[in-house]
Amino acid sequence: MQGLVYIFIALAALGVAVAAYFGLTFSPIEAIVTALAFGCLAVMLMERSLRQRSEARLERAIEDLARLLSTDAKAGQVLSQRVNAITDTNVGSRLEGIEADISVLGTVVRQVAEAVADIEEARRAGDFPKPTTLEPFSDDEEEEEDDGMPEPVISETELRAALTQNRLVFHIEPIAALPQRRPLGYDLVPRLMQSDGSLADAPDFMPRRGGEDLVRRIEALALEEAVVITRRSRTAGQPIRLFMPLTRATVLDKRALEALISTLGANQAIAPSLGFSIPQPEWKQFGPTEKRQLFEIRKSGACFSLTDATSLRFDFAELEGMGFTSVRFDATRFLRQPTSFTDFHTADIAPYAKRFDIDLCATGVIDEQQLLSLFEDGIAQAQGPHIGRAGPVRPDLLVERTPVVPERRVEAQAQPLR
């Protein structure tokens, strides 16, 4: 193609020479010079155009090569990170744990098979007793069934009178991060001033069967108190996170739930610093409707913490989707009977929960040895008497109320929030 262009240039130069000789009466030498000049100019323009095209193609090729090299470099970096992660993985301890679990599982399967074989032999021999007809439990029997929780010692009438007299106070109990023991947040703990000036804890007065209006009232007061404390602490330059109690009594009441969501919506600036602690017995009774209500609360910015957990066999993905950030369990029972909580190795359950951005918090820590054992198992949070007892909040952070109490009062043992 390029040769054909040069032929056309030569023919055009010849045409120019002929035109100059015959049309312009140039001499033969002048016509030849004019043709050569025209040909050289045309060739120069042609070469310049070709050179520009070549440079453009070369630049595009260099850019493509640079992108390929960048992609290769990123792939190499990711591959290097994965190789380093695989290298740092302690496969030996994991394999030992898996072998131990498989051995235990084999023993359990063998024992179950032996028990089933004994039952079959007894049934074939006619020694197995016939099943009796079971009568359904009545509602009264179900209500009398003990669920292991202590009954309140303060009646609903006394509690209602105490709330009317503003004798309900809120203390805070710290939640610490291990191993630094740096406070991560606080639980807002309701307490009741009694006639002798002593303080009654929540299990002593919170209604367990009935009294939903009192529970809603206490939880509404806790939310009001938490909003004021969080706002004032943030203004003072010491922002904190507070967890308040939340039960089905509030979630199932439309008016109370709307008031809660509207309060969170009016305090969007501090909503991420507010959390709600839901006991596991309450969570077990939550149906699809209650969970949708929790999701509405989550959209307002608040988070949740599952407390009083008697087992860690949860769907952590579901908890993460609902907005739970932590699960709390009793430290003493976890250290003494870890198999009652999880089928995982105690050192693996915390990293597994962390995959779903959920932290495990051990409550009721009583000594330093428990802290060390929990930290070795990867538990990141702790709470209990050894960390700090529940105590009063600074007076400048509290809601101003005038309680009707006797002159003699018992001071709390814990240190106030400073």
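**Aromatic pairs**

Modeller: Happy to! One thing to keep in mind is that this is a predicted model.

Colleague: Is the pair of Phe 276 and Phe 304 stacked or tilted?

Modeller: The ring centres are 6.2 Å apart and the planes meet at 35 degrees. Stacked planes would be under 30 degrees apart, and edge-to-face ones over 60. The pair of Phe 276 and Phe 304 is therefore tilted.

Colleague: How many residues apart in sequence are the parts that this pair ties together?

Modeller: Phe 276 belongs to strand β5, residues 274-279. Phe 304 belongs to strand β6, residues 303-309, so the pair ties together parts whose separation in sequence is 28 residues.

Colleague: Trp 283 and Phe 286 also form an aromatic pair. Is Trp 283 buried or exposed?

Modeller: That pair is tilted, with 5.9 Å centre to centre and 45 degrees between the planes. Phe 286 has 6% relative accessibility and counts as buried. Trp 283 has a relative accessible area of 10%, and the cut-off is under 20%, so Trp 283 is buried.

Colleague: Which residue lies over the face of Phe 243?

Modeller: Here a charge sits over a ring, which requires a distance within 6 Å of the ring centre. The distance in this case is 5.1 Å, and the residue over Phe 243 is Arg 328.

Terms used. Residues are numbered from 1 along each chain as its sequence is written. This is a predicted model: local features need pLDDT of at least 70, side-chain atom pairs count only at pLDDT 80 or more; totals for chains, interfaces and linings use all residues. Side-chain values use heavy atoms; hydrogens and water are left out. Rings of Phe, Tyr and Trp (its six-membered ring) pair if their centres lie within 6.5 Å; planes under 30 degrees apart count as stacked, over 60 as edge-to-face and the rest as tilted. Helices (H or I, at least four residues) and strands (E, at least two) are DSSP runs, numbered from the N terminus. Buried means under 20% relative accessible area, exposed over 50%, partly exposed in between (1.4 Å probe, protein chains only). A charge sits over a ring if NZ of Lys or CZ of Arg is within 6 Å of the ring centre and within 35 degrees of the ring normal.
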